[in-house]
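User: Please go through the metal site and the domain arrangement of this model.

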Amino acid sequence: MQAVVLEEFQEPLEVQEVDRPEPEPHGVVAKVEGCGVCRSDWHCWQGDWDWFGYRPDPPHILGHEPTGTVVDVGDEVENIEEGQEIAIPFNFACGKCSLCRNGRENICENHIGLGFMNEAPGAFAEEVHIPNGDINAVPLPDGIDAETAAGCGCRFMTSYHGMAHQGDVGNGEDVVVHGCGGIGLSAVHIANALGANVIGVDLMDEKLARAEDLGAVATVNASEVDDPAAEVRDITNGGADVSVDALGIETTCRNAVDSLGKGGRHVQIGLTTSDEQGEIPLPTDEFVAKEIEFVGSLGLQPSRYSEMLDMIETGKLDPTALVEDTIDIHQVPEELEAMTEFNTVGIPVCNDFSS
Ligand SMILES: [Zn+2]
Ligand SMILES: [Zn+2]
């Protein structure tokens, strides 16, 4: 089968012919129907994130935002059948550790990152293997078609968990999203659906226009003002209730924290880059004085997908609104190259792996 293979960090990616995956006893294999192209793929290609355990030894298949149709099932899988359409989280869980047994599979002790770790070759491929299929394959309801499902990849489900659970975004709250790439635009859309007044912050007018289309009530172009956080505090009469750093660079993280009012909650979704290497200095005394909370957010537990899928079925959420383009597997390398200059808007989804 064809797959996008990382042979050497930062060197051009190639589409290669590789062996099809075979299911482990607890695993299932899915034909990939769609897989979003994400900035996280770009980080992995650059060789970032060794401090996070997301630096595979090449050669390695990239891609972590798939949906698919089950084509092969391991002998010990009980609840997943061939032919089922499934959503596939990127952060595979073991189903056995205490976190998994307490509904926090997204931060499983034995976490395996799809497309980021050698244990889980990625999904820019005709087929992908999913370990512990009973836990990690999430059957899709009939009311969700393949195109919609393909929009539910990492950036959408990650943003859902960040806004609905970790940020606990409520009706009428002011939410500011710093960085309006795939994760950020998803967060804008989801926070809006949860009833918040959302402000988008970015450097590019096209991305801010997209944020407004997705429900942002105000936007700030950070390249046109001295202090984007002060602008946000002005717009919100003293500071946002919830801030999101969707990018993970020092500037956006700091601006997000500085955008908060007293009692605010910061949600960190973006992982840092090779500049920060996992650490960003923050105004800790202000956390004390303003009782600010700093909350991390990783993926979405499979056991809570149903909440998000219900909101999609009822039309409150529409993952297709973020899909910019559909592409074939040979276009994936150039899409990732374009991310080097940040000049991509919305999310391209690869939905043709055999051309
Ligand atoms: Zn576990
Ligand atoms: Zn992603």
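Analyst: A donor here is an N, O or S atom within 2.8 Å of the metal. The model is predicted.

User: Which residues coordinate the zinc ion (ligand 2)?

Analyst: The coordinating atoms lie at 2.0 to 2.2 Å from the zinc ion (ligand 2). Along the chain the donors follow the spacing C-x25-H-E-x88-C. The residues, with their donor atoms, are C38 (SG), H64 (NE2), E65 (OE) and C154 (SG).

User: Are H64 and E65 buried or exposed?

Analyst: Buried stands for under 20% relative accessible area, and exposed for over 50%. By that cut-off, H64 and E65 are both buried.

User: What is the geometry of the site of the zinc ion (ligand 2)?

Analyst: The site has 4 donor atoms, with angles of 93 to 135 degrees among them. The site is classed as irregular.

User: Where do the bounds of domain 1 and domain 2 fall, and what separates their centres?

Analyst: The domain assignment gives domain 1 as 2–156 + 300–352 and domain 2 as 167–296. Taken over C-alpha atoms, their centres are separated by 26 Å.

Definitions and conventions
Residues numbered from 1 in each chain as written. Chains lettered and ligands numbered in written order. Predicted model: local features only at pLDDT ≥ 70, side-chain atom pairs only at ≥ 80, totals over all residues. Heavy atoms only, no water. Donors = N, O, S within 2.8 Å, 3.2 Å for Na, K, Ca; no water. Tetrahedral: all angles 85-135°; square planar, octahedral: opposite > 155°, others 65-115°. Buried < 20%, exposed > 50% of the residue type's maximum accessible area, 1.4 Å probe, protein only. Domains from an automatic or database assignment.
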